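Here are my notes for your reading of the model. Please keep the structure open while going through the points.

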Amino acid sequence: MDAEFSVPKSLAPFGRAIRQQRTQLGLSQEKLANRCGFDRTYISMLERGKRNPSLLNLLKLAEGLETSVSRLTEVYDDADAD
């Protein structure tokens, strides 16, 4: 395979995308956590780039944020992302 995949060095851009979408919806961390079946501290850790969600949690998160997984992760489409 010639295609090269670059692993992101940080989860911070992903966390910022979560926070941005959450605030656009007018949701608190607690309300988002309740929508997704998560604890509020987990949302906080995701937004600070301290946790790396599993695929299933990423799907739940996207649903809770009324968006798609690709939209949340498009911050990594730019090679210069953290």
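How many helices and strands are there in the protein chain?

1. The protein chain of this predicted model has five helices and zero strands, and read along the sequence its pattern is α-α-α-α-α. Helices (H or I, at least four residues) and strands (E, at least two) are DSSP runs, numbered from the N terminus.

2. Residues are numbered from 1 along each chain as its sequence is written. The model being predicted, local features need pLDDT of at least 70 and side-chain atom pairs count only at pLDDT 80 or more, while totals for chains, interfaces and linings use all residues, and side-chain values use heavy atoms, with hydrogens and water left out.

3. Of the 82 residues in the protein chain, 33% count as buried, where buried means under 20% relative accessible area, exposed over 50%, and partly exposed in between (1.4 Å probe, protein chains only).

4. In helix H4, which spans residues 55–64, the buried residues are Asn57, Leu58, Leu61, Ala62 and Gly64. These residues lie on the same side of H4 because they cover an arc of only 160° around the axis, the arc being that of the directions from the helix axis to the C-beta atoms. On the other side of H4, Leu55, Leu56 and Glu63 are exposed.

5. The cover over the buried residues of H4 includes helix H1 (12–24), helix H2 (29–36), helix H3 (40–47) and helix H5 (69–73). Just after H4, Glu66 takes a positive phi of about 55°.

6. Among contacts (heavy atoms within 4.5 Å) in the protein chain with a separation of 6 or more, 60% are accounted for by residues 24 or more positions apart.
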